[in-house]
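I opened this notebook to keep a record of what I looked up in one structure, entry by entry. The sequence and the coordinates come before the notes.

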Amino acid sequence: QVQLVESGGGLVQPGGSLRLSCAASGSIFSIGSMAWRRQVPGKQRELVAGIASDGSTNYADSVKGRFTISRDNAQNTVYLQMNSLKPDDTAVYYCTMVIRTHSPGSRAYWGTGTQVTVSS
């Protein structure tokens, strides 16, 4: 059994910052890529940022230069530092990880989501 637990969401004013965290726990053998996605009601879920096992990263154009994804492999944790937040960043943010458990094979696991609201 694997669980992903996110934290760090909340209400922030435009121009402010938030740091999201997501920790995985359970029967984990190894973790490959990690990512943050977000969803606004009525819209498709979109990739915000991803980080591979080698540390290489990719970002949605809308967040480049403002958001930074990082990972702590020892803690099975992924972070998303969000700066210069805009109202358009308001969404539910989900972390995802490709995890290999002690059973054969690996698959993607999702957190339950954390709300980020950017408003004055």
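I looked up D61 and found it exposed, with a relative accessible area of 66%; I use buried for under 20% relative accessible area, exposed for over 50% and partly exposed for values in between, with a 1.4 Å probe and protein chains only. D61 forms a salt bridge with K64, the closest N and O atoms being 3.1 Å apart, where a salt bridge is a side-chain nitrogen of Lys or Arg within 4 Å of a carboxyl oxygen of Asp or Glu. K64 itself is partly exposed, at 49% relative accessible area.

I note here that this is a predicted model, in which local features need pLDDT of at least 70 and side-chain atom pairs count only at pLDDT 80 or more, while totals for chains, interfaces and linings use all residues. Residues are numbered from 1 along each chain as its sequence is written, and side-chain values use heavy atoms, with hydrogens and water left out.

How many salt bridges does the structure hold? I find four. Side chains of opposite charge can pair when their charged atoms come close. D89 forms a salt bridge with R38, with 3.0 Å between the closest N and O atoms. Because D89 lies in the loop between β8 (77-82) and β9, and R38 in strand β4 (residues 28-39), this pair ties together parts that are 51 residues apart in sequence.

R66 lies in the loop between β6 and β7 and D89 in the loop between β8 and β9, so the pair ties together parts that are 23 residues apart in sequence. Are these residues buried or exposed? D89 is buried at 2% relative accessibility, R38 is buried at 6%, and R66 is buried at 10%. I also recorded that R38, E46, R66 and D89 are linked in a network of salt bridges.

I placed G65 in the loop between β6 (57-59) and β7 (67-72), and its relative accessibility of 87% counts as exposed.

I searched the whole structure for aromatic pairs and one came back. Y94 and W110 form this pair, which is edge-to-face, with 6.2 Å from centre to centre and 70° between the planes. Rings of Phe, Tyr and Trp (its six-membered ring) pair if their centres lie within 6.5 Å, and planes under 30 degrees apart count as stacked, over 60 as edge-to-face and the rest as tilted. The pair links distant parts of the chain, 16 residues apart, with Y94 in strand β9 (residues 91-101) and W110 in strand β10 (residues 106-110). Y94 is buried at 14% relative accessible area, whereas W110 is partly exposed at 39%.

I then looked for charges over rings, which requires NZ of Lys or CZ of Arg within 6 Å of the ring centre and within 35 degrees of the ring normal. The charged end of R45 sits over the ring of Y94, 4.1 Å from its centre, and the charged end of R107 sits over the ring of Y109, 3.8 Å from its centre.

S21 is found in strand β3 (residues 18-26) and is buried at 17% relative accessibility. Leaving out residues up to four places away in sequence, S21 touches V5, E6, S7, W36, V78 and Y79, where contact means heavy atoms within 4.5 Å.

I count zero helices and 11 strands in the chain. The radius of gyration of the chain is 14 Å, close to the 14 Å that the globule rule gives for 120 residues, so the chain is as compact as a globular protein of that length; the radius is taken over C-alpha atoms and the rule is 2.2 Å times the number of residues to the power 0.38. Buried residues make up 38% of the 120 residues.

Terms used:
Helix = DSSP H or I, 4+ residues; strand = E, 2+ residues; numbered from the N terminus.
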